[in-house]
Every structure is written in structure tokens, then in C-alpha cells.
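Try each task before reading its solution.

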Number of protein chains: 6
Amino acid sequence: MFMHSKELQYHAKPDRPDPIMARRLQEILGGQWGEMSVMNMYLFQGWNARGNEKYKDLLLDTATEEIGHVEMIATMISQLLEGAPLEAQEKAVDSDPALAAVMGGMNPQHAIVSGLGAAPRDSNGNPWTSNYIVSSGNILADMRMNVTAESQGRLQVARLYEMTEDKGIRDMLGFLLARDTQHQLQWIEAIKELEEKEGIVVPGQVPEKYEVSDVSHVLYNFSEGEHSKKVVDGKTAKDGKEFIYKAKPEVMGEKPVLKPVTKDVYNTSAMD
Amino acid sequence: MFMHSKELQYHAKPDRPDPIMARRLQEILGGQWGEMSVMNMYLFQGWNARGNEKYKDLLLDTATEEIGHVEMIATMISQLLEGAPLEAQEKAVDSDPALAAVMGGMNPQHAIVSGLGAAPRDSNGNPWTSNYIVSSGNILADMRMNVTAESQGRLQVARLYEMTEDKGIRDMLGFLLARDTQHQLQWIEAIKELEEKEGIVVPGQVPEKYEVSDVSHVLYNFSEGEHSKKVVDGKTAKDGKEFIYKAKPEVMGEKPVLKPVTKDVYNTSAMD
Amino acid sequence: MFMHSKELQYHAKPDRPDPIMARRLQEILGGQWGEMSVMNMYLFQGWNARGNEKYKDLLLDTATEEIGHVEMIATMISQLLEGAPLEAQEKAVDSDPALAAVMGGMNPQHAIVSGLGAAPRDSNGNPWTSNYIVSSGNILADMRMNVTAESQGRLQVARLYEMTEDKGIRDMLGFLLARDTQHQLQWIEAIKELEEKEGIVVPGQVPEKYEVSDVSHVLYNFSEGEHSKKVVDGKTAKDGKEFIYKAKPEVMGEKPVLKPVTKDVYNTSAMD
Amino acid sequence: MFMHSKELQYHAKPDRPDPIMARRLQEILGGQWGEMSVMNMYLFQGWNARGNEKYKDLLLDTATEEIGHVEMIATMISQLLEGAPLEAQEKAVDSDPALAAVMGGMNPQHAIVSGLGAAPRDSNGNPWTSNYIVSSGNILADMRMNVTAESQGRLQVARLYEMTEDKGIRDMLGFLLARDTQHQLQWIEAIKELEEKEGIVVPGQVPEKYEVSDVSHVLYNFSEGEHSKKVVDGKTAKDGKEFIYKAKPEVMGEKPVLKPVTKDVYNTSAMD
Amino acid sequence: MFMHSKELQYHAKPDRPDPIMARRLQEILGGQWGEMSVMNMYLFQGWNARGNEKYKDLLLDTATEEIGHVEMIATMISQLLEGAPLEAQEKAVDSDPALAAVMGGMNPQHAIVSGLGAAPRDSNGNPWTSNYIVSSGNILADMRMNVTAESQGRLQVARLYEMTEDKGIRDMLGFLLARDTQHQLQWIEAIKELEEKEGIVVPGQVPEKYEVSDVSHVLYNFSEGEHSKKVVDGKTAKDGKEFIYKAKPEVMGEKPVLKPVTKDVYNTSAMD
Amino acid sequence: MFMHSKELQYHAKPDRPDPIMARRLQEILGGQWGEMSVMNMYLFQGWNARGNEKYKDLLLDTATEEIGHVEMIATMISQLLEGAPLEAQEKAVDSDPALAAVMGGMNPQHAIVSGLGAAPRDSNGNPWTSNYIVSSGNILADMRMNVTAESQGRLQVARLYEMTEDKGIRDMLGFLLARDTQHQLQWIEAIKELEEKEGIVVPGQVPEKYEVSDVSHVLYNFSEGEHSKKVVDGKTAKDGKEFIYKAKPEVMGEKPVLKPVTKDVYNTSAMD
């Protein structure tokens, strides 16, 4: 069960309206790596965790914080849209090309659909979709996704920071940079613990006999040139076995032969 | 530029048709973490890499291999569909409930849409979408996604392995398990190198003054109970700084106040 | 069965081309609340209606009209695109920043994909999807959706009206405003009738014993502060029962405990 | 800012596992009218509300409750999946057709993708998308969507109630039925107030001269037969004006004529 | 403007309910190649046609017929769902495995979401999307899509015909087979005319100097083996020029070199 | 199995950066008719081909070439983005409206999400989806799709050619124009062969008695006016039978009557 406080976790007030920046900030609200993604992903991972109380709790702590981050960015966007220019474009073009450029660059749905409010969408207006997230039941696999999400998310926040000089926006983004630092580090910490218990290769506990083991540590060179060799050659993989580099990939399979199917499928008859 | 060999990289031949298993294998072909995802993701990351030749090459080597994995699984699925039962369900129900169960559980689009061939879709028939992948320009951020993809992918392969006793399917899945082992380990190797150069927290090089630094290593307890404390308390984060645990989250922001917008937006008038 | 007249239901001719306005009008053609949505929604509701002839007829009357509205807006957009500037952007930028702003703001797919014709998409180029509509078999539930669709749709038309001074566009939008007025009112009329027969709370006829009745008229205060109290406090709900306001939500459930699953799922082992 | 309690708002514990019912319950978790939709919709409407404190508060109260409903249903689904049959289908078919039917009917992604946990998807595995929701800035328009969402949602809960005899599931569904009753009634209450202030037809305040007023209260008969006449004929619309019924729709527009576009668009040349 | 007749264009009445067949028929209603696709595609192509009256008319004639086909299939599906088994699955499993198989195989959304009515979705429940259709402004290009759509659609109808023995369903499918025959043939007729005027290669009128003409009639052999040679070798292409077969593809480009971007993008620094 | 060469198939180097053109070129990379579509479509058709070695080989040859086309366009886009203006929009607006126009018109995700690299998306940022492609098992049906894809694709390339004066971009587009010429012609060649063997109407081999044959060659006039008559009247269809034109469509079906469903579906009760 959840509760709501009226105050924001941190300041989210721009110095002045800026509808272009409002559009850009949608990316970290409703984009693939935006706050809606981490909020929903951590919620589902937390709810689905079976045992493993400390991770379950950590996931739900962080998820709950992220709902508040969605709130902050949505609030910021609504303020950036105050005073957005909506008049006839041809009027703007005639009198003020700079204004026309702003109108051309802003998101038309901010005016037509959301009435100058934030939308659950990315900077190109794509709807948020749960395709962006995962909850697999394997916490180590999911923690790897979590550190990815915080890395991609912080990367986008840093880029947005460089795109504006508005002190209010920068203050909020600076807060998000810091929280993403913490979140990256805590998931890395969890990964370290989990790798110690479950092994490096996910999922652990797959019986060794399942694997075609002679190809489990081989890098095949499928491109011309051998630059990639440097990454693995002569090195011990993190699971303690040696990497092998093969300059030429082997064909181990056959040319596939598919049988024709029965007439009632109406495929093209086999011929040649 | 790419070239194609007629032979498969590895065997992909089931012992016998099994339309239920054909449906399930679609997940690792066209699902979120299927081979289409890693193939397309590594291609884009490789093509977009700026400098960093050894990683670019490693990405394109692996991407090129993955095209061949899509090929193997597609081939497997087509064979599993040979002889799929397509007749009238009511006939099956009357004479053979077990057959009816198979018909109920198979993917109807395998018969109606793809003519007993593989589809670029997951096990529930959702189309593959590039929402599943990322290429951010930050190779460390992307390598974290890559190790995630190989972890989630290998997890699904392991689960599928347990769901069948067909030796041919298991042989192919055992090969994929092994290749996913290698791919996890090579991306982990790249991450290790990149973290040494770029720092633990992605993206590196963000000026320190950007961050609201007093919250960059704090775990806030947003749930009741303090199980999550164990993950970080008294520990040094991987970037060398100490974690701080706060049992009660602070409000640092204000109650947001949004201004009414002009009449031409036709929002509800402010009232109370 | 349907028939087509060559004439439009109403005028749809702009005074002059305007590719920015063409992009914006896509919202009421192929957006969530555009004419494609009401057309398809009323068609499906009408076709699926079981008995209830006067509503079935009303739905199909209105649906059939809406096909003609899609036709009008599509025609308008095609004309607004005549003479759209397609040349090299750098040329425009050098010679005419105002023209460049128009080129930057127009939808590139109008030129590249649809050859200066209308697209079944919204103002950001998102494809129309049947996710936007509903036909539930419960006509009262659906009529509530219908009055929503006409409200959201008319809101967007009003906003677009304010964004242009083109008399031709305004004439068509004024017609749509009026038709949306009628459609709102007729669905409200149907709702009134249906509520009298089926009850206020949808679906009617749910046996009373199904409901956990002591929470069926309670507003819980899940936020700090009690502003929301004013909406319900001391009032009789439209079904004749009293609203109850509780300033503090109750926990009625337990802390959930999920069991570990069998090994063959390869979830993280339970630990703590 | 949000906080989380470990206890659920209400019981969510089934009597016994049932993977088919787990699949069905996904509809009210991640479907068009599921709890994820109302949770996200009310959050955005609340955050975007400009002034109108009591509605803003009511929206955020209810949104916060809905996060807890998502939690309850996710928890229920995870328990229903405990002990789901995952073995080889052919084995089940041979020994136990009934078991095979369950395997055929359950969602394969529950095993392969989410490790026997709940997914942010509907009962057919479609991802949740923000296409399902709206926040328009016009609170009356949005309240109409909200009462729709609670009507469609309660309808689905009632249908699911009939599909199971599990007392634990029914207890939770009974709670949801009751809460949906309250939510329908509170939105209806808000609509009543808002209609008094803003007018029946949304958006209010559209200048009368904008509308082509002679068609604003006319029902056109676009189908053969005149059943629909009964809904409006001789009645006063809720805005106080008389409905007019026209048995034959008028053509008010022209046959559209589109001009050929310039050669560089490569459309088919005009000919005939 | 459109008008509606109450009668269906053709019979759409099954001999008896069959919820499995109802699910399957959704494919030709709301699937990629279903009637919603051709209806919407021909409408947009017709509305967007600039000049070319006879094709515009043919497109709108056929589009209008297709609305009636959507109506027929929707009507059929609603009848197939009458009497669908909705009770608790465990009850069915115990008493009647055959019934359980039907319940497992039917679409749960037919009961939960659409109340035993047709849905604007395919046989796996994917929403219809305008991604399925095209209107490019080039009528010859679009006619090729149209003949494709009628070919794929008729193929699916033929497969469905084989999957049932219900005389009522077969009668309707037989009608659709025949209409798809006509539609294929009429689009082929239009293509013939258009190719005579516009040329074989679409779009015609591209200045010859634009093309890198030495590769415009060359088949490169990118696979091992030379089976493909037979399709073109020694043949004159339909535009009158000779095909050339090259057994080994040429590299004509360079190894691409991308420059590092400025620091404010936070990409990985170039290194090696 | 596939192999990769480091060199591109053809030059892909622009004369100078141009972020607007980068956005536009996304259409032929990740749009409905872009290179990702043909690459994935031909791969699946090739892999799914049962027998029919020369077509299977031709499909895989062409598919393999298309992977290289995706590579070329991705490389081009990355170079066009070098030096894209990312600074604060308000700064640009003040000092340089032309620059502001470029910033308004470029794709914000090119900066925020992909770090100035190409994205697997179209020119409006829509993700690529496998909804764009088909592999039906009927090679003739699929070849018709293939010639459509090459026609639509070449049309878009030609339009883009006209939108730029950059010689490097034009050189690459000229190459693609030529390859699309070849691909159109080779699929047309295959169609000719297949039509000779399988018949004109797809799928061939449908027993004649299945069709309601008296409507299989009739054009019904569903619009007023008889322009469409010219396309077919007095002509022999390509399958050798005469077209029939009917100026007035016949009703052959009945007014549908749907039965009410059982109470547990909670549909609106039948009334009137």
C-alpha cells in the first residue's frame, strides 16, 4: 500500500518557460530509459521477488522513490509549457522567425492533447510501453538490467543538462544525476553479492552437461580483421576459464532442408 | 557488407514435430530478449561506434554470429510445425481431447499467417519492435545492456531446455547456452576495461559540480522496515565512497503550484 | 452494407496551403480521440449490440456519419499540403529562415511517405491503433466512453480552431464542433435512459453479496491534507447511499509471502 | 513524494494455484482498463491539474490507492502461478489430457519470461501502453474518461468473478468491485459539480459563433430504418435545447478536387 | 459521405457456436491482412488520389464494399461466441477435458473485454494498427500493395476454409474467396494500365542520370551456391534490359570512419 | 551462417553534416518501407521457404545484400549528425533564427538517446516493428509484397534525392535507386514464373467449388457515378474470364440478429 506527500522530493521549478526543453525532458519521463520505466520495473521486480527480503525491500524502496521522480519531471514540464506560443504559425512566421522556430520545434500534442501538461510519452511522442521493462524472477539478471537502466538514464540526464542554461532545470537534473549515481552503485553492490552466490554466468545452476561446452569460451571472428581479438586474447574470463580466439568461424551445422507441407496450407508447391 | 553460407552454424533439427514447442521457441527468436534483439542491437552499436575499433569489431563479430542464430531458431521452428494439426477443432475435441489440447495451445498465426513457418514475433504473437534495443553512443552503458540481454536470453533458453525432452531441440539449446556464456563473459570483460578508463558511474566525465552531491551515495528507506539497509550499510561503494543509509526520506522540494493557462487552451477554469 | 456519395458532408477547403496546420490536424484524424477512433468504435459497438435496436441503430447512424468526417479531414489535409516546401533545408535556411521554420515544423512523412496526402496517424506520426477504442457488450459502459470521446475530440477541435485564422479550416472545424455537441448530447441522453434501467453503478445486476460492501462508498485520504474531502463529504452518492470520508486509509491485508518456485525455473534461490 | 507500507491494502491470497486464472487476471492488471491504466491516468491528471485543489487532491488520493491495487493483483497472480505445469507438453498429452489443456491455455510467457511472476501485460500478453490513458487539462473531459475506466474495469472484474469459484480470488475481486463502485460514484459527483460550472457540452466557453449552430442538435439518420429516432425525438437535450431528427442526411459539401503536386514528389501523373 | 443498409452484403451465419473458430476468424477481421486493413487502406488511397478519377472511384467503390466485409465477419464472430464456456477452468478440467481444451484455446478477451463480441484485433489479440497500410500518392506503387493485400488475405481465407466444416462459415468464406478473386484481378488490371503509362520500375520519371546505372540490372550472389542464377540468367528484364549475374559481389565502398563527437554528448571517448 | 566485410558495399559519405537530412533518411532505414524491412522480410521468407531452392537462394542473396544497405544508411546518418547543434535553444533563437530552425527540425532523440548515431526508427521516431513484414509460406503472395516493398522504397529514395543537393548523399541514393530497380525487376521475373505455374489468382489450387463463383468477377459500384467502370468494363481479366460491371450493388444477406448472452457476461440486458 502506498501513501502520498504533497511536497516534491526535490525542487522542480524552471527559471522560465521553454516549450522546446519541455519536449526534450519528455524523454526522461516517458522514454525507454525514463523514470516511468524504472518506477514500473522496480515495482514489478519487487512485487515478484520470492524470498530474498533485502533485495525485495531495496527494489520497493527505490521504486517508491522513482514514482516521486516521475512526479518531479511531470511538474517541471507543465511549468515549462506555461506561456507556450499557440497562435497561427503563419502569423509567427511573418512577424518573428525565431518564434516560428520554437513553434516548429515544440511538440504539437503538448497543446492539442495534454493542454500544456506533461504526457506519458517520450520526446518524439511515442507512448510509454511495458516493452521497456523486465521482471524475470532471476534477480541477478534483473539487477543487470537495473544498472543498465540507471546508466542509460543518467547518460540522458547529462546530455539534457548540457542543452540548457536554465538554473532551475539544471538544479533538478543535478539531483537526478546524483540519485542515478546512488542507484547505479547500489545495484552494482547487489550484483557483486549475487554473483558470489549464484556465479558469474546467468542463470547459475544450469547443469554443466546441458551446455555444448567446447564453444562456451570461444570468440569467433565473423568479420574480416582481428581487432576484436584484443578484448579477450590471452585473458582469463571472469568465471576462471580461458578465452579462446578463433580467427575463422566453424560451420558445425548442415544446410537445412524443410519439407513441403500438406495441401491445405496453400503454400507454393515445391518446384525447382 | 555481409555474406551468407548455406550451412547453419550448428545443428537445428528436432526429433519430431511439436507445435507447442514451436510456439514457445518464438520467445527466443522474436521476443524482447530473443536473437532478433541481440542481432539488431549489436549491429547498430557496431555501426554507430566512433573510434574504439576493438569494441566495434567485437560488436560486429557477435552481431554477425547472431544473424546465424536467428537463422537456426527459425529453421528449428519451421520443422517443429511440420504436420501441425489444422483440422476443425470440434472434430478433434470429439475424437481426441489430447489433440484438441495441442490445437488449443498452438499459435493460430503459425497456420493462418505464416503457413507453418517461423514468425518475427514472440511466444504470444507480439511483433518484434526496436523498442527492445538500444545504441546510445556510450559503449560502457551499452555493454551493460548487452550483458543484460545475454543474461535474460540465457535464462529463457535454460527454461525452454527444461520444457522439452526432444534431443534435437536440446542439442541446439545447449549450443545457445554455451554461446550465451561466451557472450556474457566477453561483454563483462569489455565492461571491466571500460570501467577502468571511464569510471564506474556512467557516464564518466560529468563535472562533479553538476551533481547535487550530498544525495549521490544515500539509500533512502521509502518502505517501512529496514531490510534494504543490509545491502549497503557500512559498505564502500564501487567508486570508493561510503554509502549512507537514511531510515526516513527527506522532503527537499515544495508543494508544486501550476499556473492556469490562457483561455484558448480550454482547460477547466481554476476554481475551488 | 455501406454506400458512398461523392460529395462531402460539409465543406473542407482551406483558404491556402499550410503544412504546419496539416500536421496538427492529423491529431483529430488519426490520434487517440480523432475521427478514426469514433468511426471504428461506433461501428464495432453497433455490430456487437445484442438486441437493443434503437441504440444499435443510433450507433450505426453515428458511425456512418463519422466515416464521412474522416473523409472531410483527410481531404482538408491533402489540400493544406499542396505546395509544401520540400527542397534542401540548407538552401531554405540560408535564404529564408521563416521558410526553414516551416520545413522544420512540418511532418517529414507527409512528403516522404504519403506524397502530400493525409496519413492514418496522429500529429506526431504515431500510427492509429485499435487500443484507442472499446466495445464491451455493456452499452452503458460504452456510452460513457462515447461521451468521453466526443468531449476529448471537441476539446481538440476547439484548440485547433484557436491555432489558425484560415477561414476555410475554421468553417470545417465549426461544423465538427457542432456535430460533437450533438453527439455528446445524444450519448448523454442514452446514458440517462440506461441508468434508469440498469442502475448508476456499472455493471448493474452484480449481486450485492459479491461486493465487500463496507468499502463501497468510502473515500480514503491517501495524500496528506484533506482537500478531496470537499467533493464527497456529507453528500449522498448518485446511487442514494451516503459517502463516507476516512482521513486515514486502513490496512486490511497482510504482508505478502511468495513461495520459491521449483529449480527448473532458474529464479534466484531464496536467501537473505 | 510517495511512501510504501509492506502490508497490502486488502487480502490477495488464492485458495490454490490456477495458471489459467493467472492469465485471465492479467487483463485487470495490465490491460486497457486494468489497474495500471487508472493508476497512471490519475497520477498524470493529478500532477497536471492547474489550480482546482480539491480535484487535484482527489485524483492523487485515488491514484495512490490504485498503485496498491496493482500491487494486490500482481501478488495474487504470482501465487496463482506457483506450481504451474511446465514439463514437456507431449508428456502431459499422453498421460493427462486435462493437464495438457491447462498447459495449452496458460500464458507461456509466465514461465519463460517472468519466471512465474506477474507481467505488466494483458491476458493476451499485449504490453501495457500509455495509449490507454489521457490527461487533457480539461478536468471535466477527463472525469468522463475516469468514470468510463471505472465502469469498464468493474465490468471486467464482475466477469472474472463469475469465472472462478476460488474463495480467495473472489474475496479480492469483491473488494475491487466495491472500490470501483466508490470510484465511479466520486467521479460522477465531480462531473455533476463541474457540469454546473462549465456547462454540459465540453469544452464549455467555446464562443457560440464558432459553431455551425444549425447542426448542433440534429440527429441524422445515416442507416435505413428509424429506430434511433426514439432516443432523441421530441426530447430536450441536457443543455436545454430541442433535439431535431432528420430522416435523410443532407449533403452540405462538394465533391473534393485535389490538385496534382509537383513532379519531385513522384506521385502518379494525373490522367484519365 | 456514406450511408448504411441494415442488411449484410452476404450471409454470415454459422451453423453452431465455436469459440475457437471465432478466435481464428479475428485474423481476417483485424489482422495485418484482414478486412480492416483493406477497408482503411483503400479509403485513404481513394481520398488522397489527385486526379485519376477512375482509379479514385475504383478505390472508393472497393473500400466501401470492404466496410461491409468487416461488418459480415464481425457479425459472424459474435454468433460463434454465443454460448462460449466461461465457467471455472478447474471445473471443466475435472469433468470434461475436451471442454477444457476449448476454454484453453479460446481468446480470453472475447469473454473479459468484449462481452462475446468481435474485437478490432487479430487471432492473437494484437490491436489493429495503421502500420499495416499505405497510401503513398503513387497509385502504381499502391496498386502493387493492394494486389498483395488481396493475395495474402485470400490465402488466409482459404486456410480458414480448410479448418472448419461448418457450412455457414464456409459459405461466407466462399463469398470472400470470390470477392478477393475479383479484387486481385481488378488491381492487376489497373497495374497493367499504369505500367503502360508510368513504366515498369516505380517510380517512373526518375531521371536516368540519378541512378548508378551499372548496378541497376545486376543480381549479386551473396550466398554460396548459384541456385538464384536460374531466375534471371540470360533473361531480359521486363523493362527491356538484360539481367547480369555476378557470382561474387563487389565491394565498391570503403571501411567507414566515424569521427568522435564533442564532449557534451558523453559518448565513450575514442580509444584503442 | 553469415560473415561480415569491413568495407561498405558502396560509398556512404556526405559532403557535410546535416541533421535535418539525418532525420529524413531514418525513413528509409527504419520506416515501414526502409531497409530494415526488406532485410528482415527476405531473411524470413528465405529461411521459411520449403523446397523451391532457386527462390530460397534468391531471397537469401537479396536479404544478405540488404543487411549491407542498412549498414550504409546507418553510416551515412551517423556522419550527417556530426556537429549537430545541441546547445540551449533560447541561445540559438536569440542569435541565429536559422540555426534555431535546424534545432527545431532535427530529431531530439538523435542527441538524447542515440548520441549522434543512427536509430532503428523512422523519420518521426516510431520504432521499427515486424508488423511491417510478411512471410506467408506462399511464395507468389510474398513476391507480390516484395515488389511492393521495392516500389515504395524506391519512391521514398527518389523523393529524398530531390530534397538534398549534397553530392555524397545523392551518390548513395543513386546507388539505392539502381539496386531497387534490379530488385523490382527480379521479383517481377519470379512472379511471372510463379504465375505460370500457380495461376494468377493467389492462392492457386483452391477448389473451384469453394468459391461463390457468380461474384468472383464482378465489380460493384458502391459509389455514385461510374468512373470505375472504365477500368474493367468489356475487358478480359488476366485469368481469362470476363469482368462484369454492376452499377448497383446487390444485398445478398440478411439483417443480422444477435442473441442476448447469459447473465454472467454482464452485458446490457436486451430492451427496446
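**Exercise 1: a glycine in a loop**

Task: locate B:Gly117 among the secondary-structure elements of chain B and decide whether B:Gly117 is buried or exposed.

Solution. Start with the place: B:Gly117 sits in the loop that runs between helix H6 (108–112) and helix H7 (139–162) of chain B. Helices here are DSSP runs (H or I, at least four residues), strands are runs of E with at least two, and both are numbered from the N terminus. Next, take the accessibility: the relative accessible area of B:Gly117 is 2%, so B:Gly117 is buried. The scale calls a residue buried under 20% relative accessible area, exposed over 50% and partly exposed in between, using a 1.4 Å probe and protein chains only. Then list the contacts (heavy atoms within 4.5 Å). Not counting residues up to four places away in sequence, B:Gly117 touches B:Ser78, B:Leu81 and B:His110, along with F:Asn48. Finally, check a distance: 9.2 Å separate the C-alpha atoms of B:Gly117 and B:Leu80, which are 37 residues apart along the chain.

A note on the source: this is a predicted model, where local features need pLDDT of at least 70 and side-chain atom pairs count only at pLDDT 80 or more, while totals for chains, interfaces and linings use all residues. Residues are numbered from 1 along each chain as its sequence is written, chains are lettered from A and ligands numbered from 1 in the order in which they are written, and side-chain values use heavy atoms, with hydrogens and water left out.

**Exercise 2: a helix pair in chain F**

Task: describe how helix H1 and helix H8 of chain F pack.

Solution. Two packed helices are described by the angle between their axes and the distance between the axes. For H1 (residues 19–30) and H8 (residues 167–198) of chain F, the angle is about 10° and the axes are 13 Å apart. That angle makes H1(F) roughly parallel to H8(F). Now find the residues: F:Met21, F:Leu25 and F:Ile28 of H1(F) make the contact with F:Ile169, F:Leu173 and F:Leu176 of H8(F). Sorted by class, this contact has six nonpolar, no polar and no charged residues. Two conventions apply:

- Axes are lines fitted to C-alpha atoms, for helices over the stretch in contact, and angles run from 0 to 180 degrees between N-to-C directions.
- Angles under 35 degrees count as roughly parallel, over 145 as roughly antiparallel, 65 to 115 as roughly perpendicular and the rest as oblique.

For the classes, Ala, Val, Leu, Ile, Met, Phe, Trp, Tyr, Cys and Pro count as nonpolar, Asp, Glu, Lys and Arg as charged, and the others, Gly among them, as polar.

**Exercise 3: a covered helix**

Task: how many residues of helix H5 of chain B are buried, and what do they pack against?

Solution. Count first: seven of the nine residues of H5 (97–105) of chain B are buried, and the helix is mostly covered. Among them are B:Val102 and B:Met103. Within chain B, the buried residues pack against helix H1 (19–30) and helix H4 (89–95). From chain D, helix H4 (89–95) and helix H5 (97–105) take part, and from chain E, helix H1 (19–30) and helix H5 (97–105).

**Exercise 4: a threonine and its neighbours**

Task: which residues are in contact with F:Thr64?

Solution. F:Thr64 belongs to helix H3 (residues 53–80) of chain F. Its relative accessibility is 0%, so F:Thr64 counts as buried. Leaving aside neighbours within four places in sequence, F:Thr64 is in contact with B:Phe2, B:Met3, B:His4, E:Phe222 and F:Phe2.
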